Amino acid sequence: MPAFASDLRSLTVAELAARVAAAGAPKFRAEQVFRWLHGRGIEALDAMSNVPGELVAALVAERDARWAPLALDKLQEAADGTRKLRFRTGDGRFIESVLIPDENRVEPLGAGVAAGRLLRDKLTLCVSSQVGCALDCAFCATATLGFTRHLSPGEIVEQVYRAAKIAGRRPTNLVFMGMGEPMHNFDGVARALELLQHPWGAAFSPRRITVSTVGNVPGIEKLGRLQPAPNLAISLNATTDEVRDRLMPVNRRWPIAVLLDAARRFPLSHGRRVTFEYVLLAGVNDADADADRLPRLLRGIPTKVNLIPWNPFPGTPFQRPSADRIRTFQERLRAGGLAVYIRTPRGDDIDAACGQLAAREPDGSIVVSLRAKRSPDRVGERELGSREPIAGGVGPSQGPTSMT
Ligand code: SAH
């Protein structure tokens, strides 16, 4: 039984129905409870005003303190409107989520599409899937924390509900690009997706959800088998195995060719593309030769490439390339036929940009300091269990729900 079985927020409707039945209440109460937890995103169970007190008391009594609601520990706002939310979990760990308004400062250079106008109300929430991360990518601040534990599905979805309350509206897009490697916590993430898409809950469309991976091939295959599957993003970050091995130890387990084969096989519904993220590191992966190799590597995959100028954090040897270099790299990729966007750093003045999430104190000390690193090989070999069925079905987006 997974650890999250004792987390009420992590339960499917069918599982909730079993709890409700065990408490001697009729099954229809499960729908009410699910709607409170996931449609309204309540924190305190006694807010469930249409649920009989006895049932509330039974559920409260069962609640495991470890899965207490996330406590907002810190809220920081960047000059560009990006907000970083730091939460403390029931067992005293720290995780971060980032609210990014109007995210598309990225211009589809030369495409002539007024994307900014089309998507003006976009509000993207970047969620964490783990406390820390086991993957040890050389250029990423989260990697310096090491791995502590997986987040429960409830802890993942609660980031969404809490962020919606803080923002005063529901995020339009969700990206699993916060702390952690989603495929390493595949079961937790798959279930969080189910909960988020449920029509009684937040009713997110899978088209509005993107799961980003370091390149875990079995995880990509499983994600592709989900019905419905969300969008896939892959952090590629290099064009040769030699460089990628050094930057991302996971590459020794699933090298570029194997990874891109999995991307090629990922099922894409009409008009969908696989996003490739490419962190630009001066003198490491930003050469003309890289820009010339990338379109050849990605041939045959409907793609969008996001160039992420490296965001600094203390104690690393890397540097962000010059603006000129970034522009030249982008243009070379475009000449090679790729759709390429530059991800302008968002919220970097509060360490909320890509790769900067590390739950750090202002003096630079790390709040989450437990280090329990695995070797990337062991991470790769870890058996990722299969997804459990959910009752109640998963429907398409029903539009905004009353989460605020
Ligand atoms: N583990 C998953 C989810 C995290 S997404 C993954 O790797 O895809 C975070 C993204 O930020 C990844 O694309 C990663 O390559 C990128 N990144 C990490 N550190 C960065 C940094 N310091 N500057 C810019 N991007 C960074």
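1. Leaving aside residues up to four places away in sequence, Phe139 touches Asn237, Leu247, Met248, Val279, Leu281, Trp310, Phe313 and Phe318. Please keep in mind that this is a predicted model.

2. Phe139 also turns up in the largest nonpolar core, which has 110 residues. Along with Met48, Leu223, Phe276, Val305, Leu307 and Leu333, Phe139 is among those with the most contacts inside this core. Helix 6 gives the most to the core, contributing seven residues. In soluble globular proteins, nonpolar side chains tend to be buried together.

3. Now to helix 6 itself. Of its 12 residues, 11 are buried, so helix 6 is largely enclosed by the rest of the structure. Among the buried ones are Phe186, Arg191, Glu194 and Gln197. The buried residues pack against helix 1 (13-22), helix 2 (28-40), helix 5 (153-167), strand 7 (173-176), strand 8 (209-213) and helix 7 (217-225).

4. The length of helix 6 (residues 186-197) checks out: at 1.5 Å a residue it should span 16 Å, and its end C-alpha atoms are 16 Å apart, which agrees.

5. Strand 3 (residues 94-101) has seven of its eight residues buried, so this strand, too, is largely enclosed by the rest of the structure. It runs antiparallel to strand 2 (residues 83-88), joined by six bridges, with lysine 84 partnering valine 98. Five residues lie between these two strands in their hairpin, where glycine 92 takes a positive phi near 80°.

6. Strand 3 also pairs with strand 4 (residues 123-126), again antiparallel, over four bridges. Here proline 101 stands opposite leucine 123.

Notes: Residues numbered from 1 in each chain as written. Predicted model: local features only at pLDDT ≥ 70, side-chain atom pairs only at ≥ 80, totals over all residues. Heavy atoms only, no water. Expected span 1.5 Å × (residues − 1). Buried < 20%, exposed > 50% of the residue type's maximum accessible area, 1.4 Å probe, protein only. Contact = heavy atoms within 4.5 Å. Core = buried A, V, L, I, M, F, W, Y, C linked by side-chain atoms within 4.5 Å. Pairing = 2+ DSSP bridges.
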